[in-house]
Amino acid sequence: MRLVTGAAVAMAAVLTLAGCGGEDTGGSRGGGLKVRSAYMPQPVTAAMAAGYLVIENDSDAADTLRSVTSDIAQDVTLHKTSGQAMESAGSDDRAIPAHGRLVLESGGMHLMFEKLKRKPKEGETVSVELHFAKTDPIKVEMPVKSATYQPASTASSASSASSSFSASSSSSFSSSSLSSHH
């Protein structure tokens, strides 16, 4: 009986740790908002790049992503892919419902970094500041992944039992600093 109990405890520990690692880049908190799973595939051109992340809203009030800025690009816009076409995201697309989330992922809503000032390389990080209608801006250090990087699953990494911590609206975080907080 003791062996079965030990195995069950070991399995629970493995499952808990599996939720902490992997594709999730951690989280940053601003008000009731958390940013998770942020990354940028290494751009293939020197002119533009894409970025992906999940914004979770733990509060009772909805919010809206108004704009995004970055020191690496002249413009950062929010786009959505619809079939083979890409178009600018409207205000409804930018909504973060109360107790909901806004998912920016490949093949759907995403950030477009236009008129790059330099081409980021795999292993670097890109600073991004998210501006909201109600919440103070949140700074995110977005890791640059390989051009072919595919996260395991945005839905599972966004809901995994990963580490997160509070950050003031003017502070920033990096995924490397989060790995020791599991």
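Tutor: Buried means under 20% relative accessible area, exposed means over 50%, and partly exposed is in between (1.4 Å probe, protein chains only). This is a predicted model, so local features need pLDDT of at least 70 and side-chain atom pairs count only at pLDDT 80 or more, while totals for chains, interfaces and linings use all residues. Residues are numbered from 1 along each chain as its sequence is written, and side-chain values use heavy atoms, with hydrogens and water left out.

Student: Okay, how many salt bridges does the structure hold?

Tutor: Side chains of opposite charge can pair when their charged atoms come close. A salt bridge here is a side-chain nitrogen of Lys or Arg within 4 Å of a carboxyl oxygen of Asp or Glu. Going by that, the number of salt bridges is 4.

Student: Which residue pairs with D58, and which strand is that partner in?

Tutor: Strands are DSSP runs (E, at least two residues), numbered from the N terminus. D58 has its side chain in a salt bridge with K34, 3.0 Å from N to O. D58 sits in the loop between strand 3 (48-57) and strand 4 (63-70), so the pair ties together parts 24 residues apart in sequence. The partner is K34, in strand 2 (residues 33-41).

Student: Is K34 buried or exposed?

Tutor: D58, at 36% relative accessibility, is partly exposed. K34 has 13% relative accessibility, so K34 counts as buried.

Student: What is the relative accessible area of R36?

Tutor: R36 meets E56 in a salt bridge, 3.1 Å from N to O. R36 is in strand 2 and E56 in strand 3, so this pair joins parts 20 residues apart in sequence. E56 is buried at 11%, and R36 is buried too, with a relative accessible area of 5%.

Student: How many residues apart are K115 and D75?

Tutor: K115 and D75 form a salt bridge, with their closest N and O atoms 3.7 Å apart. K115 belongs to strand 9 (residues 109-116) and D75 to strand 5 (residues 73-82), and the separation is 40 residues.

Student: What is the mean pLDDT of the chain?

Tutor: pLDDT is the predictor's confidence in each residue, from 0 to 100. Residues 154-182 stay under 50. Where pLDDT is low, the predicted coordinates should not be read in detail. Across the chain, 62% of residues reach 70 or more, and the mean is 74.

Key. Helix = DSSP H or I, 4+ residues; strand = E, 2+ residues; numbered from the N terminus. Contact = heavy atoms within 4.5 Å.
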